[in-house]
Amino acid sequence: LNGTGAYVQIPDSPALRPANFTIETWVRFNSLDSTGSGGSPAGDQYIVFKQNTRSGDFEGFDLSKTRIAGSDVFRFMVSSATAQHAEVDSATPLTIGVWYHVAGVRGSNFIQLYVNVQFIGQTSVSFPQDYGNFPLYFGTSGQSYWDHKFAGLLDEVSLYNRALTPTEIATIYTAGTAG
């Protein structure tokens, strides 16, 4: 994905709206900057995104890269129909040309983030998962008013309809190119 206009759009389906889920993928950045629109902050890049029913605080779920205090890190975020949100950010700075395995897990009352099989963190979630009838996107939010395209490569993007265990995430990571 080139960071300017390329992305993948998958039509909405009930199967893409699980209450609990895991998103995992291999990610390699070609650039830590990309084309943005609207008020989306510099440094953001959407990797896997599904919009909720809102037009603001609209992350049904968002696995992405963000920039915090000048450092590029992974972010996993979910938000509710009433604009509540929960977010976990990694701390290790990301670099271009390196493959990372990243997994965001949404359980019944928590979210978790893993990078290269390492547990990054967890936060509590006290609201139900909210989805609009929008497509699932790889590499964009799909919105002209708030977006930053992904600049890099994605491999083996997977959405599971349950919260994977740490052991299952480790098994996927260890399989590497064998998937």
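What percentage of the contacts in the protein between residues at least 6 apart in sequence join residues at least 24 apart? The share is 66%, where a contact means heavy atoms within 4.5 Å.

**Figure 1. Overall fold of the predicted model.** This is a predicted model, in which local features need pLDDT of at least 70 and side-chain atom pairs count only at pLDDT 80 or more, while totals for chains, interfaces and linings use all residues. Residues are numbered from 1 along each chain as its sequence is written, and side-chain values use heavy atoms, with hydrogens and water left out. The protein contains 13 strands and 1 helix, where helices (H or I, at least four residues) and strands (E, at least two) are DSSP runs numbered from the N terminus. In sequence order the pattern is β-β-β-β-β-β-β-β-β-β-β-β-β-α.

**Figure 2. Dimensions and surface of the protein.** The C-alpha trace spans about 40 × 35 × 30 Å along its principal axes. Of the 179 residues, 48% count as buried; buried means under 20% relative accessible area, exposed over 50%, and partly exposed in between (1.4 Å probe, protein chains only). The accessible surface comes to about 7700 Å², and carbon and sulfur atoms account for 53% of this area. Accessible areas come from the Shrake-Rupley method with a 1.4 Å probe, and for residues only the protein chains shown count as cover.

**Figure 3. Loop residues with positive phi.** Most residues other than glycine have a negative phi. Ala69 has a positive phi, near 50°, and is found in the loop between β5 (59-68) and β6 (71-79). With a relative accessible area of 84%, Ala69 is exposed. Val117 also has a positive phi, near 70°, and lies in the loop between β9 (110-115) and β10 (118-124). Val117 is partly exposed, at a relative accessible area of 26%.

**Figure 4. The salt-bridge network that includes Asp72.** The structure holds 9 salt bridges, each being a side-chain nitrogen of Lys or Arg within 4 Å of a carboxyl oxygen of Asp or Glu. A network of salt bridges links Asp33, Lys65, Arg67 and Asp72. Between Asp72 and Arg67, the closest N and O atoms are 3.0 Å apart. Asp72 is buried, with a relative accessible area of 7%, whereas Arg67 is partly exposed at 27%.

**Figure 5. The salt bridge between Lys149 and Asp147.** The closest N and O atoms of this pair are 2.6 Å apart. Lys149 counts as buried because its relative accessible area is 14%. Asp147 is likewise buried, with a relative accessible area of 2%.

**Figure 6. The salt bridge between Glu168 and Arg162.** Here the closest N and O atoms are 2.8 Å apart. Glu168 is partly exposed, at 25% relative accessibility, and Arg162 is partly exposed at 38%.

Figure 7. The protein carries 10 positive and 15 negative charges, whose mean positions are 2 Å apart. Lys and Arg count as positive and Asp and Glu as negative, whereas His and the chain ends are not counted. The place of a charge is NZ of Lys, CZ of Arg, CG of Asp or CD of Glu.
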